[in-house]
Structure formats: C-alpha cells, structure tokens
Number of protein chains: 2
Amino acid sequence: MTLTGDLFIAGERRSSGQRFRAYDPAKGAEIDDIDFAGASEADVDDACAAAEAAFLPYSTKPLAERAAFLEAIADEIEALGDALVERACRESGLPAARITGERGRTAGQLRLFAREVRDGAWQKLRIDHADPQRTPPKPDLRLRTVAVGPVAVFGASNFPLAFSTAGGDTASALAAGCPVVVKGHPAHPGTSELIATAIGRAVERTGMPKGVFSLVNITSNDVAGKLVSDPRIQAVGFTGSRAGGEALMKIAAARPRPIPVYAEMSAINPVILMPHALKARGDALAKAYVGSMAMGAGQFCTNPGLVLGLAGPELDAFSQAAAEALSRQAAQVMLTDGIHKAFEAGKEKLAASPYVEKVAEGAEPAGPTQGRAALFTVAGKDFLADPVHLHEVFGVSSVLVRCADLDELKSVLTELEGQLTATIQVDEGDYADSKALIPVLERTVGRILANGWPTGVEVAHSMVHGGPYPATSDGRTTSVGTLAIERFVRPVAYQDLPEALLPDALREGGQGGVLSRIDGAWTL
Amino acid sequence: MTLTGDLFIAGERRSSGQRFRAYDPAKGAEIDDIDFAGASEADVDDACAAAEAAFLPYSTKPLAERAAFLEAIADEIEALGDALVERACRESGLPAARITGERGRTAGQLRLFAREVRDGAWQKLRIDHADPQRTPPKPDLRLRTVAVGPVAVFGASNFPLAFSTAGGDTASALAAGCPVVVKGHPAHPGTSELIATAIGRAVERTGMPKGVFSLVNITSNDVAGKLVSDPRIQAVGFTGSRAGGEALMKIAAARPRPIPVYAEMSAINPVILMPHALKARGDALAKAYVGSMAMGAGQFCTNPGLVLGLAGPELDAFSQAAAEALSRQAAQVMLTDGIHKAFEAGKEKLAASPYVEKVAEGAEPAGPTQGRAALFTVAGKDFLADPVHLHEVFGVSSVLVRCADLDELKSVLTELEGQLTATIQVDEGDYADSKALIPVLERTVGRILANGWPTGVEVAHSMVHGGPYPATSDGRTTSVGTLAIERFVRPVAYQDLPEALLPDALREGGQGGVLSRIDGAWTL
C-alpha cells in the first residue's frame, strides 16, 4: 500500500496545514518520499469527540466481539507483510530481524489481551447477597469494573511496533473497553500510518464504531498538551523520557478534573554481581553484560546501566573482560538524531564527574547517527556523591560500581531511585546474602531477576514492567502483561438494583464461568 | 482510663509545646478537662522514622499474625467500653446510639480485613512457568503484590470511629502490611487517644513492632504538610473537604517522588425520581428523603443533596410532602463550630442564586452549633446556569431539581461532577427509561442504588465508596470494603529466581489455598 501522510481520525484520512518528514537515521537524512501531516488543535478535538462518541457503543459490545476486534488487529498487522518491516527498519535504523520479532510480539500481545478480555476476571465481579433479617437490613451489593473512557496513548520511539501505535498501551486500553487516540511518534510516522491502516481495517471488518481509534501526529507541544487536557480523555499512557512524562503529569494534574498518567520514563536497572557467581563465571557474565547493554543500540528501558560488585581481583577481571568485549562492539545506528545527541551529551556528563573513570569505548562510528559504546566505573563510596551517576544515559553506556563490601553495596541500592528492574547474579553460596537484598529490591523495582539480563520483557500474566517513581509515574501498575488492563477500568457498585437494570454479568448466575466472588467466596 | 492529652508515637506517650482543647458542640464550649498536645515537625519526623523502621518487620510477618493483630485492635476497642462512647458523643455531638453502632462498624471492619488478609487473593499470586524450548526461551515469571510502605491517614470528623484513627483507611493500610501514622482529627482528640491506646495494647499483645502505629494531633497546616511530604510516607488516605484533599494532592504531587493520595472529598449524590415510582409512592419517598437527608445532622459524605424529578403535579406533591416533613425536622447539633458556620454560609450562597427558591426550613435551633434544615428547588433548565448549585452543602440541605422531561434530566446528570453515589427510585414501568440512565451514571459515580437511600455505606466485598473526581481524588479505588486494601500494595515480578530466594507464597505449591493464577488458569 502507498502511504498518504494523512492523519487518521476515526477512519477518515485528513491532511492538515503542518507538514513534516520522516528521518532515516542510517543515512542521517530525511526520507523525502512523502510529507506527513501534523495535527492542529481542531484535529485533536475531532479525534477526542469521535472517541467520546464511540465510548458507549464500544464499551458495551459483548466481550467476545471486543476480543475478536483485538485479534483482527493482529491479523491485519501481519497482513501488512514486508512493507511494514521495511518501513519500520528504515525509520528506526533497527535491523529486520529485530523488527520482525517485534511484529510477532505486537500481534501476540493483541491476541493475549483478546484471551484476557474473554477470561473476564479483570471485571472483578462480586456479589454480596442481601440479608433483610439483619439489623440493620443488609442490602444486595454487586460490583464490577467499567472502562474509564477515551485514553490518549503517546507511543515510544524505541519500539516502533510493540510500544507504539498498536503497542501495549493501545492493546490494554482497547481490551478494557476504552477508545484510543494515539499521538504518533514523529520518529516513525510511516510505520504508524501502516499500523493505523491495519487497525482501521479491523474496525471495519468487526463492525466497531469508527471513533474507537484515531492516530494524530503532533508536531507542537501545545497541541500535545491539548490532547492530555481534553476533558473527554480519561487516562494517558506514555513511554518515553522523564522530562516528557513529567510534562504530561503536570498537565493532567492541572486539569479541572485530574486524570491518571501512566508514564514509563526512566531507569538504570542495577545488576548485582554476587561474589560466588562472579568468581565462578565472571568472564561469561562480562560478555553477557555487554551483549545485554548493546542490544538494540542500548535503546531499551530495561538496559543494564549499572553493575555493582565487590572490589577485588574478580571484579577487576570482570571489568577487563567487559572492557575487551565492549571495545570490539561496533557503533550502532540510533533511533533519531536527537537521541544520538542526547547519548553523546549523557556520556560526556558522566565522564566529567570527578569520581568516574572511563573503562572502555566501543568501535568508532562508521556512519551518521551511530552511537559509540562506553563503559565507566566509580567507587561505591563515591557513587552517591554526584546525582549524575543516577541518571539514565539512553544508549550503549553503563557504569560499574566497585563496592567495598556488601554493606556499601546495600547502601547504594537503598539510595537508588525507583527502577523497572534489578538483577542479581547468584550461585548457591550467595543465597544467604542475597536473601537480605530482596526486601530492599522489592521497595525499589518492579521486576527482580536472577541469573539473567533485564533487556527481555516477556509479555505474560506475571510480568511487571513498571516500578516506583521515576521508573514510572505510577508504581501501582505495569505497562506490559495482562495486568496492564487494570489501568483503564474502575470499580462501580450496584445496590439493590432490580435484575432488569443490572449489567448482564452481575445478574444471578450471569457470570458465565468468569472468576467471581460470591458472598466472599471465589468461584469459577 | 484517664486521658493524658499526649501524642502517641510508636507506643511512647509524649507531650509537646503546643496545646489545644477539645470542643463540646452541644454546649458550644471547650471541654476543659484536659489539654491536648499538638505535634511539632520533630514529632512527625519521629513518627515517620518509627513507621519506616517498622515496615520490614511488620510487612514480612506471616499473614495469620497480621490478621490476629487486626482482630486484637477490634477486641481492644470494644474493651474500652462506655468510656469511648461517652467521649465520642461529647466531642461530636452525635447521640450514643449512633456512636455505639459506629463502634460495631469499626470493629466489624477490622475483623473483615483480618479475614481478607487470610483470604490472600489481594496478593495477586501469579506463576508463569518457564519454557526453555521456546525461541527465545521463555523465563519463569512470578508475581505478587507487596506493601507500599508507611501510610499517612487523615481522619474525618463526621465518623469519629469508622473513618478516623482506626477507621477504614487505617484498617486497610494495616491489612496491606503498611505501618500507619494517623493525623488525628482535632474535633475528637480524646476519642482518638482512647483508640490509640487500644491499638497500642493490640501491638503489645500480638508482638508487633511499635512503629506500626502512631497518632499525632497536628494543629498547623505546615506540620500536616510535612507529614505528606516526608520521604518515608508512600501513600495518603484522607476523608474530608475538597479544599483539604486538594491541598494534600498538591503537596504529594510536588514531592521529588510523588505518591498517591486517596482523598474522599465531596459529593451531592443525586437521587432520581422516576415517574412511575413517584406516582405510586411519592409521599413515602418524600418522608424517606427527608429522613436520609437529616441522618446524623446531614453530615454524611453520601447525603442526598440533589433530587431530580419531572415537573408536574406528582413532583409538586412530593415537594410539598418533603417540605412538611422537613419543617417538623428539629435542628441538630453539628460536629464543630467551623462545620456549622460553613453550613450556614453554604445555605446562604444557595439561597442567593437567582435561580433557586427556598421550599422549606426545619425547626429553629434550640442551642449552640445547631444546624437548621433547608430544602431548595431549581428548574432543570437553570441548574447548570450557576456552579453554586453543584457545590456540596455539608449538613441537612438538599436541592430539588424540576426537569421538563427525561432528556433534560439526563443532560443535568451528564453535566454533574463525579459523585460517590446516584440513586434511582423506580417501579417496573420505569425500567425501560432507567436502563438508558445506567451508563450515564456509571461514568459519574462509584455506587448506583435503586429504591433506597445513599446514606448507609455497607462494609462489604462489593462496596465502592469512591467515584470520579471530585468525589475522590482517585476514582480507581474505594475507601470502604475489602477492595480498599489494593490501594496500599503494588505488584512485583520475580524472574527465574531460585526457590531459595522466592517469597514463600510464590514457591512451587506454596500458595496454600490462596486464589492464584498458574500459567493463566485460576486456581484455589
């Protein structure tokens, strides 16, 4: 299919006054095949009005139809074929194998949410029967969750499929029954348009109201703010920088009626090398560390930006092995010119810290927009002396912290800000000491790993891709995995309603095999 | 027992430089038997430090011990006997029957949360087993919720037991595993001290860490702000005015690491008189309406402050019957001098609206701090003309809205702010029209009632005492009922952790009958 560059508002393609172009980071140049439209305030208003108009028809569709819609989106995305992979690679600088894998993840995620919609337990169906004999009489009370309303989704640049237009935020909001207005990421407008086309086809094919989905590219912060402050928008999903997320939080909090912002923002994802593990397999750990750090040009929210170990010959050997692996690491094309510049600036700021030493650098860039890998080190006692050590450097960059002993390591961990992940490399001999670290990590992170690397984020029932501030704006949730659906619903109680006025799922015996709680007892 | 007037910080009684006295609203005078201490910033700091120190020991106690602690609090509150009832009546102006009922509710609530702790489903135990054969290999992922950390609770004046020192917020936070620092309400300091004594005894009796509970009376907004901005506090529970709740929200949002505020603030709780019901039993509805409105001197968050019906002879008759009932309504002692003055000012503001007509007034006050009941009316077409009609008047005051037709009634409902409740009075002939109102109400309120009155709030699994802004600051939750525990936990995922490092409840077969989700399937 041919790209039009138009906005996609409730099934209608529309051009606008503002134009911009996509960028090919590998070539370091604009892609001049097409001009993309940037939305005006009126366009955003129309998208929100369409989402509001679609809310009731969409949220009251039978769950089976909602699930079929999600599956149809997955099918239509796959049906885009090579055109999608080619465009996404060109706009992101990411290799085809990675984009192909991400497409599978994106379709699989939509299908998982379709199954979750059918499972239905997220409705939290509860019934407490009346007891008219009690003093005072006990009323009949029933509870379920309802969709919150239209949701604004701000896609990320680093996963142009899985965390963007039809990514986890969109999938979980649609699963919850909420229409979605996506603010497309300007780093991959052609990719977004292809995905919007697929969603549009799924809308038509499954007879959903057209306003259930709109894509607006927005080139001005003011217009983006308008989307968040629009009174019809009831929640915001965002993946991106801390500055961006915090800006949206401020706008949402200043509304006459504040709304939740689920912003996944910033993390350095500590990895702890426990002594026995380090001794037994330091060399292998060092290589795997560099592999995880360099994956996708280091542009993962879960990139291991911090490694902590106990100073000594084993850690020196680890450092040397990591330095060797890193020095062989080719420079990689980064997503955008802006991200590349921020990466270079971040490394410079780190290197300028009087406490930090540069251990190694990767191969020199061989083309535009390429980031050169870097490994730094700092002593545990100095780590907390300069907040620059705490800041995420988005790209292939990491800091090795040499701690004097486990107490110092624990005190560094205790002082860290909220993180998406923490990883411990452990052997059996480390279990006793590691056990004491778990409660510290539980207070700071969303996911604790052992003997692995944080860069893979499985889409599963048990995944938490979240964590305390500033990893996310709201540590009570996750943006990956089925629990993400709970972000876009809220509970409503029904007291003494006649059967005729109750939602079907709350009628006597109407739970249809969905997990429910009847008079306190769980039942299937 | 004799009151000391001291602060209660982690089991230690402590006086302070600032003193204040309790107030007897029925007499309109200070209670001069004792001076109460007001906390300094240092006192608040100590309470937070003790809560933080207690967090790990408390949150890692076996659930059975945590449940026994909650039950011990209930026992110790009951063991306070008549002294508690007498003091609470004297400080609140509420009658003994009401306070005795509220004590039962408070103890029952603690015992319900004890059962909920044992039920354990709120831990959201999930296990997704590994699949090493998959490409890429699928990791082992497990999930549970953990307590968020120390919680600050701001008690309410209108329920000196059930929504105060050992009320719903404290009970649900303790149930979740969070130490609590209560900012005692200055309207009932003696009542709070008695309750703190009971909790202290339960702490001793069940061997809990002392910092799990502190009570600080605070007489300055600055010191109260210090409690919310203390970095050790991880969530806030509040019941009170919109101005108060919004002030806490601002402080919490401005922290370097923002935290959730669960503020239950303001509602006018619309009641809809559907035509058949109005025709069949208008007179009985009018009497019940005034009864609900006047309960507890109108000082219920769920007071029916708004009644909507279709203009015509039936509504006129309803209005007249309500006016008659109201004119016989005795003036009642209100909780505090400040609340009484705000009530009088609120009625005056309403009466000053050019669209509003006063229908009836209750009997004249016969003593200090007594509020005189009032009923107003406004035409549906004028209701939205002045925002003053939307504002809660806390006390025995309500507005009857005369709508031209169902469309006008629906448009008034659509424009309402978020509410705790909405009630429809329906007969069978009203079902078809009422059905269309349910989706409107679901977007606006936390609880929908039929053929009842909103002032009773059952403590149950299916209760939602919450609702969209400004009914509460966070419509995703409830402050009454077992679902309230979810406010004070957050999910953590564990990836590939060796059995030795996993929490007991996530070990293979370690779920002990608690509702869990294993590889996607719900199991008990």
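## Helix H3 of chain B and its surroundings

The model described here is predicted. Helix H3 of chain B spans residues 82-92, and its buried residues are B:Leu84, B:Val85, B:Arg87, B:Ala88, B:Cys89, B:Glu91 and B:Ser92. The residue that follows H3(B) is B:Gly93, with a positive phi near 75°.

## Packing of helices H4 and H5 in chain B

Two packed helices are described by the angle between their axes and the distance between the axes. For H4(B) and helix H5 (residues 168-176) of chain B, the angle is about 20° and the axes are 10 Å apart. Angles under 35 degrees count as roughly parallel, and H4(B) and H5(B) are therefore roughly parallel to each other. The crossing in which H4(B) passes H5(B) is right-handed.

Which residues meet where H4(B) and H5(B) come together? H4(B) contributes B:Gln109, B:Leu110, B:Phe113 and B:Val117, while H5(B) contributes B:Gly168, B:Ala171, B:Ser172 and B:Ala175.

## Relation between the two chains

Chain B is superposed on chain A by a rotation of 180° with 0.0 Å of shift along the axis, and the RMSD is 0.0 Å. That is the relation of a two-fold axis. Among the residues of chain B, B:Ala253 comes closest to the rotation axis, with its C-alpha at 4.1 Å.

The copies meet through the same surface, because 100% of the interface residues of chain B are also interface residues in chain A.

## The annotated span of chain A

An unreviewed UniProt entry carries the annotation "domain: Aldehyde dehydrogenase" for residues 16-308 of chain A. In the model, this span of residues 16-308 is 48% helix and 20% strand, and its end C-alpha atoms lie 51 Å apart.

A:Phe8 belongs to strand S1 (residues 7-9) of chain A. With a relative accessible area of 6%, A:Phe8 is buried. Leaving aside residues up to four places away in sequence, A:Phe8 touches A:Arg13, A:Ala196, A:Gly200, A:Phe213, A:Ser214 and A:Leu215. A:Thr60 is 52 residues from A:Phe8 along the chain, and the C-alpha atoms of the two are separated by 24 Å.

A:Ser157 lies in a loop of chain A, between strand S7 (151-154) and helix H5 (168-176). Is A:Ser157 buried or exposed? Its relative accessible area is 11%, so A:Ser157 is buried. Again leaving aside residues up to four places away in sequence, A:Ser157 touches A:His185, A:Ala187, A:His188, A:Leu335 and A:Ile339.

## Backbone features

In chain A, a cis peptide bond with omega of about 0° joins A:Tyr469 and A:Pro470. A:Pro470 is located in the loop between strand S20 (445-450) and strand S21 (489-495) of chain A. In chain B, B:Tyr469 and B:Pro470 are joined by a cis peptide bond, with omega of about 0°.

Although A:Asp496 is not a glycine, its phi is positive, at about 60°. A:Asp496 lies in the loop between S21 and strand S22 (516-518) of chain A, and A:Asp496 counts as partly exposed at 32% relative accessibility. A:Asp519, not a glycine either, has a positive phi of about 50°. The loop that holds A:Asp519 runs between S22 and strand S23 (521-523) of chain A, and A:Asp519 is partly exposed, with a relative accessible area of 44%.

Terms used. Residues numbered from 1 in each chain as written. Chains lettered and ligands numbered in written order. Predicted model: local features only at pLDDT ≥ 70, side-chain atom pairs only at ≥ 80, totals over all residues. Heavy atoms only, no water. Helix = DSSP H or I, 4+ residues; strand = E, 2+ residues; numbered from the N terminus. Buried < 20%, exposed > 50% of the residue type's maximum accessible area, 1.4 Å probe, protein only. Contact = heavy atoms within 4.5 Å. UniProt positions renumbered as here; feature names shortened; annotations may be inferred. Least-squares fit on C-alpha atoms with pLDDT ≥ 70 in both. Axes fitted to C-alpha atoms, helices over the stretch in contact; angles between N-to-C directions. Parallel < 35°, antiparallel > 145°, perpendicular 65-115°, else oblique. Left-handed = near helix turned anticlockwise from the far one by under 90°.
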